[in-house]
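Let's take a walk through this one together, with an eye on how the pieces pack. Keep the viewer open as you read.

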Amino acid sequence: MIEFFHVYKKYPPNLPALTDISLQIQQGEFVFVTGPSGAGKTTLLKLLFRGEEPSEGKILLNGQNVNRLNSRGVARLRRGIGLVFQEFKLLPRLTALENVALAAEVIGTPKRESYIRAYHLLRELGLQEKCDAKPLALSGGEQQRVAIARALVNNPLLILADEPTGNLDAQVSDETMRLFLKIREHGTTIMIASHDIALIQRYGTRVISLQGGYLAADLQRVKKQESER
Amino acid sequence: MWSRLSFVGRRAWNNLRELFWTHFLAAIAMTMTLFVFGAFILLQENLQNLLKGWGDQIQINAYLDKSAGVAEVQNLLNRIRSLPEVQQVRFISSAQAWNEFQAALGAQSGILEGLPKDVLPSSFEIAIKPSFRDSPMVEDLASRLKKERGIALVEYPQEWVDRLSLVVLAVQWAKWILGGALFLVTFFIVGSTIKLAILARKDEIEMMQLFGASEEMIQAPFVIEGVTQGIVGGLLSILCLWFLFQSLRDVIPSGVGLVGPLTHFEFLDLRSAGLILVIGLTLGAAGSLFSLKRFIKTWRG
């Protein structure tokens, strides 16, 4: 589903963020991208939804060259990707329900259908009582669940989550991870950028490790690897 | 399609509501610009009507010697009627001229009080056939009439027509030069309000881009906001011009003696009103698009 071919990314003036990254990710995989701050985790995710463009190399998503898309193509690409951020990025003026429905409405889903979908997702995530609450009235965990509902509302094939548990306590982080695993059961590919080793050890099935922009390791089972050490 | 239109419409409406005063002030600026431009159109159109009226009924006024007797006047009338250029001749007696002048001054006719009623001379109003209405031909006829015995003074409006044509031309140029400068200012004012609207929606726009909204879905509401400012500004300016027109029409006398009755004043016709609206609409749309291009970051294809 995702293929990186010798991808480089440099930021001006000439700072390398990613160097010669080549990897493949299959549909339905649950992948952690890990590494210390500045390792290139966020950049790697951004390249996938064209938040950034690679300096060199090729990225294919479902066989489509991401770098060659025009603005319409980028918009279409993003409709198939659900994004989750560390700081949630919910719009404070809108209620939880409106935040989720907006993501569907902007791609042309009728208003009624958008709100029905948003409501069902919030109910599934245990937030039916919070539909009318504004983000600031919600706890960190609740806000992240709203953000996850928003990422799911367009039935994406890929979810990219950048440090989704960075602002959450351990218990809520666990709940969020279980939620991602549940989503994955429907065949959705999930890529999570995180440096939370404990979470990765508990939930990681595949871990891509970056160090200073280089691909340092690509491990299939962290628990097993760790236990062998 | 309908859901997209409905979404764009709702967003535009919400933006207009939330930044009401900003949009309102921009619409007022638009109103002032279009008002000035419209006032020039109004002036130009009425001057052109006046010119056309004069052109249609071009005539020579030949004022008679007070000493001319009835027989002499009749003789002169017959001679003038027989001239090939002359379409029609109307004799206006001194008393008739006084009455017509008084009627033309209307409410201001009081200024004539104290003057003897025979102060105005008798005259001939000589209408010229259309084929002889060229400036040199009229001049030639006027000079021949001047030589006739019994005629004291000959006047014809051709030089007034020429002078007024110059004034119309000046008004036309002023309209576009001053209007153009004001359009430019208004364009930037609209652009600034849309910039404010964009900045107020910065996070929302970023999220919409990340969800996969098309550029049209993101930008259309802002264009609608600009266009709304333009239409509101256009309509308000036409309304203000209407009030200005009504108040001035009652003040300006409808005729002056020398050049005959003026054509009645007319408000903007549909074409001119439409032009004002289209300019407002275009300025609004262009100002919005200018700001969108500058302040919305887009990905490159």
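Predicted model: local features only at pLDDT ≥ 70, side-chain atom pairs only at ≥ 80, totals over all residues.

Residues are numbered from 1 along each chain as its sequence is written, while chains are lettered from A and ligands numbered from 1 in the order in which they are written.

Start with the backbone of chain A. Most residues other than glycine have a negative phi, and most peptide bonds are trans. His6(A) has a positive phi, near 45°, and is not a glycine; His6(A) sits in strand S1 of chain A. Look for Pro13(A) in the loop that links strand S1 (2–11) and strand S2 (15–25) of chain A.

Now for some strand pairing. Strands of a sheet pair through backbone hydrogen bonds, either parallel or antiparallel; here two strands count as paired if DSSP finds at least two bridges between them. Strand S3 (residues 30–34) of chain A runs parallel to strand S9 (residues 206–211) of chain A, with four bridges, and Thr34(A) has Ser209(A) as its bridge partner in S9(A). On to the next pair: S9(A) and strand S10 (residues 214–219) of chain A are antiparallel, with five bridges. In that pairing Val207(A) faces Leu219(A) of S10(A). S9(A) and S10(A) make a hairpin with two residues between them, and Gly212(A) in the turn has a positive phi of about 55°.

Chain A's helices come next. Two packed helices are described by the angle between their axes and the distance between the axes. The axes are lines fitted to C-alpha atoms, for helices over the stretch in contact, and the angles run from 0 to 180 degrees between N-to-C directions. Helix H3 (residues 96–105) of chain A and helix H5 (residues 140–152) of chain A have axes that come within 8 Å and cross at roughly 25°. That makes H3(A) roughly parallel to H5(A), given that angles under 35 degrees count as roughly parallel, over 145 as roughly antiparallel, 65 to 115 as roughly perpendicular and the rest as oblique. Ala96(A), Asn99(A), Val100(A) and Ala103(A) of H3(A) meet Val146(A), Ala149(A) and Arg150(A) of H5(A), where contact means C-beta atoms, placed from the backbone, within 7 Å.

H3(A) also packs on helix H4 (residues 111–124) of chain A, at about 130° and with the axes 8 Å apart. That makes H3(A) oblique to H4(A). This crossing of H3(A) and H4(A) is right-handed.

Turn to chain B. Its domain assignment gives domain 1 (2–53 + 161–295) and domain 2 (59–156), with bounds from an automatic or database domain assignment. The C-alpha centres of domain 1 and domain 2 of chain B are 48 Å apart.

Chain B has an open, antiparallel sheet of four strands in the order S2-S3-S1-S4. Strand S2 (86–92) and strand S4 (151–155) of chain B are the edges, each pairing on one side only. From one strand to the next, the twist averages 20°. Helix H3 (residues 70–81) of chain B lies across S1, S2 and S3 of chain B, at about 160° to S2(B).

Then there is helix H9 (residues 270–295) of chain B, which packs with H8(B) at about 150°, the axes 7 Å apart. H8(B) and H9(B) are therefore roughly antiparallel, and their crossing is right-handed.

Finally, how many residues of chain B are in contact with chain A? There are 18, touching 22 residues of chain A. Helix H1 (2–18), helix H7 (202–211) and helix H8 (215–251) of chain B each supply at least two residues of that side, and H7(B) gives the largest share, six residues.

Methods:
Contact = placed C-beta atoms within 7 Å. Left-handed = near helix turned anticlockwise from the far one by under 90°.
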